[in-house]
Amino acid sequence: VDISTSISGTTLPNVFFNASGVWCQHEDELQAMVESHSGALITKSATLAPRQGNPSPRYLPLPLGSISSMGLPNEGYEYYLRYACSFNYSRTKPLFISLSGLSLGDSVKMVEAFVAADLPCMLEINFSCPNVPGKPQLGYDFEAMDAALATLAPLIKKPFGIKLPPFFDIAHFDLVAAVCQKYSNLAFLTCVNSIGNGLAIDFETETALIKPKDGYGGLSGAMILNTALANVNAFYRRLPDKQIIGVGGVASGKEAFLHILAGASAVQIGTQLMEEGPAVFERLNKELAEIMAAKGYNTIEDFRGRLKTL
Ligand SMILES: O=C(O)c1[nH]c(=O)[nH]c(=O)c1Cl
């Protein structure tokens, strides 16, 4: 994502964009992203049919991040296909489309429609929605993930990416990397989706904070930064021919710097965008540029992946 941005005189690639799900369900939100200082934009994960999603309250900020169980509310894939068809690719910034089929058959139908339209947008296939009651997420079923990729990668033909849940076991990093390595046009991995099925409780009322699923929802924001950094670095080390998009706990230039040091080529913003709005992108670009200047780095590639160990 090298939409350059000129901050304090230096032109830097603008590595920031929204995490799918935040500020991207409706066209007016997407337009706000186009007009923001983000380097790209991505749409809300689409399903075949439009969905209302789970009952509210379904998103809440917490002291160290947020909890959410949206339930895949979206306008249906044809809405985003129409948006992608009318998008001005030469004049704006890169457009990513997130697809989250409720079955492989649904994913095939949506992918076939986007492939038939032959557009410059980039597909990010979501393997990790943790909030559809009764639907275990693909990201934790490695055989099902492999089977899905075996079907979808040849269909997509062009470079595409997948959105992965966080993993917490070295053997899982190895297994998932081995699956991903099999698909040469799987060009990027977006790490990480929320940490699934956390529970936030109100001490006074002794009640779960969000309504869906008895209060169980995905954890995001500051509290998942270190898990996100580990996943970005684990796949960066294991998949040198692929790019990693880092997401999880980025609230300032500092966390963005850490994600890039861990190996990220681009950085998505979720909870902080939800709380601060699209103005967050101008601040993040400025803060990252200041950190780079202070450390004597001229480009992202001067430090990307250069994490040292003891
Ligand atoms: O509940 C959601 O809509 C949702 N929530 C998440 O935390 N990650 C996802 O990928 C999705 Cl699709």
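The model is predicted. Helix α4 covers residues 142–156 and helix α5 covers residues 170–181; their axes come within 10 Å and cross at roughly 15°. Because angles under 35 degrees count as roughly parallel, α4 and α5 are roughly parallel to each other. Their crossing is right-handed. On the α4 side, Phe-142, Met-145, Asp-146 and Leu-149 meet His-172, Leu-175, Val-176 and Val-179 of α5. Classified by residue type, this contact has 6 nonpolar, 1 polar and 1 charged residues.

In soluble globular proteins, nonpolar side chains tend to be buried together.

| Core | Residues in core | Residues named |
|---|---|---|
| Largest nonpolar core | 84 residues | Most contacts inside it: Ile-125, Ile-162, Leu-189 and Phe-235 |
| Second, separate core | 7 residues | Including Ala-40, Ile-42, Phe-188 and Ala-266 |

Beyond its neighbours within four places in sequence, Ile-162 is in contact with Glu-124, Ile-125, Phe-127, Leu-149, Cys-180, Leu-186, Phe-188, Leu-189 and Thr-190.

The loop between β9 (160–164) and α5 contains Pro-166. Pro-166 has a relative accessible area of 0% and is therefore buried. Not counting residues up to four places away in sequence, Pro-166 touches Tyr-140, Val-192, Asn-193, Ser-194, Ile-195, Thr-227 and Asn-231. The C-alpha atoms of Pro-166 and Gly-196 are separated by 8.6 Å, with the two residues 30 residues apart along the chain.

Terms used. Residues are numbered from 1 along each chain as its sequence is written. This is a predicted model: local features need pLDDT of at least 70, side-chain atom pairs count only at pLDDT 80 or more; totals for chains, interfaces and linings use all residues. Side-chain values use heavy atoms; hydrogens and water are left out. Axes are lines fitted to C-alpha atoms, for helices over the stretch in contact, and angles run from 0 to 180 degrees between N-to-C directions. Helices (H or I, at least four residues) and strands (E, at least two) are DSSP runs, numbered from the N terminus. Angles under 35 degrees count as roughly parallel, over 145 as roughly antiparallel, 65 to 115 as roughly perpendicular and the rest as oblique. A crossing is left-handed if the near helix is turned anticlockwise from the far one by less than a right angle, and right-handed if clockwise. Contact means heavy atoms within 4.5 Å. Ala, Val, Leu, Ile, Met, Phe, Trp, Tyr, Cys and Pro count as nonpolar, Asp, Glu, Lys and Arg as charged, and the others, Gly among them, as polar. A nonpolar core is a set of buried Ala, Val, Leu, Ile, Met, Phe, Trp, Tyr and Cys residues joined through side-chain atoms within 4.5 Å. Buried means under 20% relative accessible area, exposed over 50%, partly exposed in between (1.4 Å probe, protein chains only).
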